[in-house]
Amino acid sequence: MINIDENNNVIEREEYRAILVGVSTGEDIAYSMEELKNLASASGAETIGEMVQNVDRINSGTFIGTGKLEELAEMVKNMEADLVIFNDELSGMQIRNIEDAVGVRIIDRTMLILDIFAARATSREGRLQVELAQLQYRMPRLLGFGKSLSRLGGGIGTRGPGEKKLETDRRHIQRRMDDIKKEMEEIKANRSIQRARRQKSDIPVAALVGYTNAGKSSIMNILVKEKQVFEKDMLFATLDTASRLIELEDGKKFILVDTVGFVSKLPHALVNAFKATLEEVTEADLLIHVVDASFENHDFQIEVTEKVLKELGADGKESLLAFNKIDKVPEFSSFEKNAFNISAKSGQGMDELKKEIIAKLYSDFETVSLLIPYERGDLVSYINNQAKPLETKYEPNGTLLKVNLGSADRNRLKDYLI
Ligand SMILES: Nc1nc2c(ncn2[C@@H]2O[C@H](COP(=O)(O)OP(=O)(O)O)[C@@H](O)[C@H]2O)c(=O)[nH]1
Ligand SMILES: [Mg+2]
């Protein structure tokens with residue numbers, strides 16, 4: 001079962017105790033290790049230890065050197081770890097060899113990411129997309145997995161979007177991949193019909209995007225704390241575990257969507273699966289692009305994020321740029337327009353950001369008066385659900401409401417405007 005913790009991360013009921021292993025052939029891997037830790041925690045694993053090795057050449061049999069492998073086995077035993085997560089992609093043979101030496105389950109960065117995508121993809125198409133990436137990843141590694149899978153049913157790295165048991169047979173995997181591709185073609189063919197059918201509610205939607213570890217979930221937390229109502233399945237099919245309905249004192253509401261976030265070194269084979277986790281973004285009215293200002297390479301991250309948003313067709317949307325973690329770099333400044341310097345930790349700049357989110361989301365809203373005949377109680381309920389009326393009066397010929405509505409609702413209710 002999937003739960004969410006107070007940081008909005010998807011967790012399994014059981015917490016794993018994980019040791020992270022990173023290998024550098026010269027490059028600085030501090031950031032990517034921090035990101036791995038964040039990904040691990042999003043997947044329900046607590047990081048209890050880390051090990052980094054600098055090498056000239058990767059050991060093809062065990063990835064890390066033999067001495068380090070023994071050290072790792074020792075560490076696992078002493079710290080009572082039950083999972084080791086490698087920061088790089090491993091071959092099936094490497095997984096098996098390391099597992100033999102260490103005695104607990106080994107997963108790599110790709111499996112971990114796929115696991116998180118699997119928990120977050122909500123639509124049928126998104127789930128198929130993730131399953132396909134999982135099968136593609138698993139196919140050349142059956143040798144390494146045979147044992148590990150038979151020993152430990154589901155766990156991090158082996159969770160699928162599907163209900164079925166994991167495929168361990170090459171022929172089955174191939175058949176399943178063919179089925180998935182066929183089904184995805186059918187969904188694509190029907191997509192325009194579904195779009196038209198979906199009823200767009202007038203409650204505005206803002207989505208947090210940006211790299212993982214930038215502070216998206218922390219920001220969501222702060223905004224949600226003010227006042228929040230958790231009404232899953234209420235209005236949207238898309239109101240999933242990572243969405244919250246936020247209601248402000250003046251009755252204004254909006255839905256805030258958290259996303260998994262971009263990850264550095266995303267294997268190419270995972271790009272489509274990743275995009276599937278960003279589905280909600282294409283439906284949002286406003287994007288809040290969160291950037292870790294304390295990370296020196298953030299300009300590159302902004303570029304990548306914007307490029308992918310463009311590919312998703314979300315580049316024309318209203319957006320705000322939030323440079324987070326400003327507490328770590330107080331002297332930070334940027335020339336970007338529509339940018340805010342904030343800290344989800346100290347709270348600095350959060351009020352301004354929130355004000356701007358509301359101003360942007362409600363820019364097309366207007367206060368109108370409506371007279372709804374008594375036999376249309378359904379419309380009164382609808383309006384009350386959309387926004388808290390500023391005034392409600394019972395007149396001889398109907399209910400008189402003064403309410404703040406977006407243009408779609410004003411149009412929907414135009415016969416009753418007075
Ligand atoms: N110093 C500092 N750390 C922050 C701030 N916001 C988030 N963090 C930390 O950065 C890490 C990633 O935050 P998280 O909200 O999970 O990022 P997400 O992956 O974008 O959802 C966590 O360890 C947070 O405690 C901030 O404003 N300042
Ligand atoms: Mg997060």
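Author: Start with Glu131, a residue of helix H5, which covers residues 124–138. The model is predicted, so read every value here as computed from predicted coordinates. Is Glu131 buried or exposed? Glu131 is buried, because its relative accessible area is 9% and the cut-off for buried is under 20%. Its side chain has a polar partner. That partner is the side chain of Arg176, and the polar contact between the two is 2.8 Å.

Next, a buried residue in another helix. Val308 sits in helix H10, residues 298–311. Its relative accessible area is 11%, so Val308 counts as buried too. What does Val308 touch beyond its neighbours within four places in sequence? The list is Phe262, Phe274, Lys275 and Leu278. Take Lys275 from that list. Lys275 and Val308 are 33 residues apart along the chain. Their C-alpha atoms are separated by 8.2 Å. Among contacts between residues at least 6 apart in sequence, 70% join residues at least 24 apart.

Now the ligand. The shell around ligand 1 holds 17 residues. Asn213, Lys216, Ser218, Asp327 and Ala344 are the closest. Which helix gives the most to this shell? It is helix H8, residues 216–226, with three residues. A backbone N or O atom of Asn213 is 2.6 Å from an oxygen atom of ligand 1. Asp327 uses its side chain instead: an N or O atom there lies 2.7 Å from a nitrogen atom of the ligand. Asn38 also takes part through its side chain, with an N or O atom 3.3 Å from a ligand oxygen. How much of ligand 1 does the protein cover? On its own, ligand 1 has 580 Å² of accessible area, and the protein covers 80% of that.

Then the sheet built from E14, E15 and E16. The sheet is open, has three strands and is ordered E14-E16-E15. Pairing is antiparallel. Strand E14 (366–372) and strand E15 (391–395) are the edges, each pairing on one side only. On average, neighbouring strands are turned by 20° against each other, direction ignored. Strands of a sheet pair through backbone hydrogen bonds. Here the bridges can be counted. E14 and strand E16 (residues 398–405) run antiparallel and are joined by seven bridges. Within that pairing, Leu371 has Leu400 of E16 as its bridge partner. E15 and E16 make a hairpin, and two residues lie between the strands.

How covered is E16? Mostly: seven of its eight residues are buried. Helix H12, residues 377–386, lies across E14 and E16. The helix runs at about 25° to E16.

Two backbone angles deserve a look. Most residues other than glycine have a negative phi. Phe63 is not a glycine, yet its phi is positive, about 65°. Where does Phe63 sit? It is in the loop between strand E4 (45–54) and helix H2 (66–79). Phe63 is buried, since its relative accessibility is 7%. Glu80 is also a non-glycine residue with a positive phi, about 55°. Its loop runs between H2 and strand E5 (83–86). Glu80 is exposed, because its relative accessible area is 61%, and exposed means over 50%. Of this pair, then, Phe63 is buried and Glu80 is exposed.

Last, the whole chain. Its secondary structure comprises 13 helices and 16 strands. Of its 418 residues, 52% are buried. Glu131 and Val308 are among them. The chain exposes about 20000 Å². Carbon and sulfur atoms supply 48% of that area.

How values were computed:
Residues are numbered from 1 along each chain as its sequence is written. Chains are lettered from A and ligands numbered from 1 in the order in which they are written. Side-chain values use heavy atoms; hydrogens and water are left out. Two strands pair if DSSP finds at least two bridges between them. Helices (H or I, at least four residues) and strands (E, at least two) are DSSP runs, numbered from the N terminus. Axes are lines fitted to C-alpha atoms, for helices over the stretch in contact, and angles run from 0 to 180 degrees between N-to-C directions. Contact means heavy atoms within 4.5 Å. Buried means under 20% relative accessible area, exposed over 50%, partly exposed in between (1.4 Å probe, protein chains only). A residue is near a molecule or strand if one of its heavy atoms lies within 4 Å of it. A polar contact is a pair of N or O atoms within 3.5 Å; within protein, one must be able to donate a hydrogen and the other to accept it, and residues adjacent in sequence count only if both atoms are side-chain atoms. Accessible areas come from the Shrake-Rupley method with a 1.4 Å probe; for residues, only the protein chains shown count as cover.
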